[in-house]
Amino acid sequence: MGIVGLMSVRIFEDTIFYDPFLNYFHEANKNISFPDYTWGKLIMSHLFRFILNLFFSCLIIYCLFRNKEWTIQGGILLIIIFGITFPIYLYCIYDRFELGYLFSFYMRRFVIQPLILLLIVPMFYYRKQLQRTTKE
């Protein structure tokens with residue numbers, strides 16, 4: 001259910017969320033005109049998307065490891081990464097991506113997609129393996 005949820009967020013992103021930069025980055029053309037946007041709608045849309053991604057990511061972590069403590073730790077890690085990358089991405093928008101097109105592109109990826117989940121799952125799997133070997 002968590003994987004289907006994350007896929008749904010991605011598939012329906014253009015209808016569910018307000019993101020004028022969606023087409024801007026899909027074009028992959030640095031010379032395309034900078035889109036008009038509304039700060040409040042943009043921030044609220046990204047926060048809503050993050051909450052959905054957080055919920056589905058935590059669901060995946062819990063289903064894989066059946067450990068509430070690890071699920072909470074994974075959620076906290078996701079919140080920390082979002083808390084770091086979101087203000088940087090907002091600054092990139094404010095600065096009209098003068099920090100660099102690719103830098104802004106990757107900051108956006110960390111904001112709109114739960115990429116850190118790709119690190120959390122192997123980390124917890126390794127942790128689980130360590131716990132097994134110490135019990136033996």
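Is Y37 buried, exposed or partly exposed? At 24% relative accessibility, Y37 comes out as partly exposed, where buried means under 20% relative accessible area, exposed means over 50% and partly exposed lies in between (1.4 Å probe, protein chains only). The model is a predicted one, so local features need pLDDT of at least 70 and side-chain atom pairs count only at pLDDT 80 or more, while totals for chains, interfaces and linings use all residues. Residues are numbered from 1 along each chain as its sequence is written, and side-chain values use heavy atoms, with hydrogens and water left out.

Aromatic contacts come next. A pair of aromatic rings is described by the distance of the centres and the angle of the planes. Searching the whole structure turns up 23 aromatic pairs, a pair being two rings of Phe, Tyr or Trp (its six-membered ring) with centres within 6.5 Å; planes under 30 degrees apart count as stacked, over 60 as edge-to-face and the rest as tilted. Y37 pairs with W39: the ring centres are 5.1 Å apart and the planes sit at 90 degrees, so this one is edge-to-face. W39 is partly exposed too, with a relative accessible area of 33%. The pair formed by W70 and F124 is stacked, at 5.2 Å centre to centre with 20 degrees between the planes. W70 belongs to helix α5 (residues 68–94) and F124 to helix α7 (residues 117–135), so the pair ties together parts that are 54 residues apart in sequence; helices here are DSSP runs (H or I, at least four residues), as are strands (E, at least two), numbered from the N terminus. W70 and F124 are both buried.

Ring pairs also build a cluster out of F21, Y24, F25, F34, Y37, W39, F97, Y101, F105 and Y106. One of its members, F34, is found in the loop between α3 and α4. With 15% relative accessibility, F34 counts as buried. From F34 to I79 it is 45 residues in sequence and 29 Å in space, C-alpha to C-alpha. Elsewhere, a charge meets a ring: K41 lies over the face of Y18, 4.5 Å from the ring centre. For that label, NZ of Lys or CZ of Arg has to be within 6 Å of the ring centre and within 35 degrees of the ring normal.

On to the charged pairs. Side chains of opposite charge can pair when their charged atoms come close. The whole-structure search gives 3 salt bridges, each defined as a side-chain nitrogen of Lys or Arg within 4 Å of a carboxyl oxygen of Asp or Glu. R10, E13 and R49 are linked in a network. In it, R10 bridges to E13 with the closest N and O atoms 3.0 Å apart, and R49 meets E13 at 2.8 Å, N to O. The R49–E13 pair links distant parts of the chain, with R49 in helix α4 (residues 39–65) and E13 in helix α2 (residues 13–16), 36 residues apart.

R108 and D19 make another salt bridge, at 2.3 Å from N to O. R108 sits in helix α6 (residues 101–112) and D19 in the loop between α2 and α3 (21–27), so the pair ties together parts 89 residues apart in sequence. R108 is buried, with a relative accessible area of 2%, and D19 is buried as well, at 11%.

What about the cysteines? The search for disulfides returns 0, with a disulfide taken as a pair of cysteine sulfur atoms within 2.5 Å. For C58, the closest cysteine sulfur is in C63, 11 Å away and too far for a bond. C58 counts as buried at 17% relative accessibility, and C92 is buried at 0%.

The structure holds 1 cavity of 30 Å³ or more, a cavity being a set of points on a 1 Å grid over the protein atoms alone where a 1.4 Å probe fits but cannot get out, with lining residues having an atom within 4 Å of a point. The largest cavity holds about 100 Å³ of space, where grid points are joined across faces, edges and corners and the volume is the space filled by probe spheres set on the points. Its lining has 13 residues, and those closest to the centre are F50, L78, F110, Q113 and P114. The elements giving two or more residues to this lining are α4, α5 and α6, and α4 gives the most, with 4 residues.

Technical notes. On a 1 Å grid over the protein atoms alone, a cavity is a set of points where a 1.4 Å probe fits but cannot get out, and a pocket is an open set with protein on both sides within 12 Å along at least five of seven lines; lining residues have an atom within 4 Å of a point.
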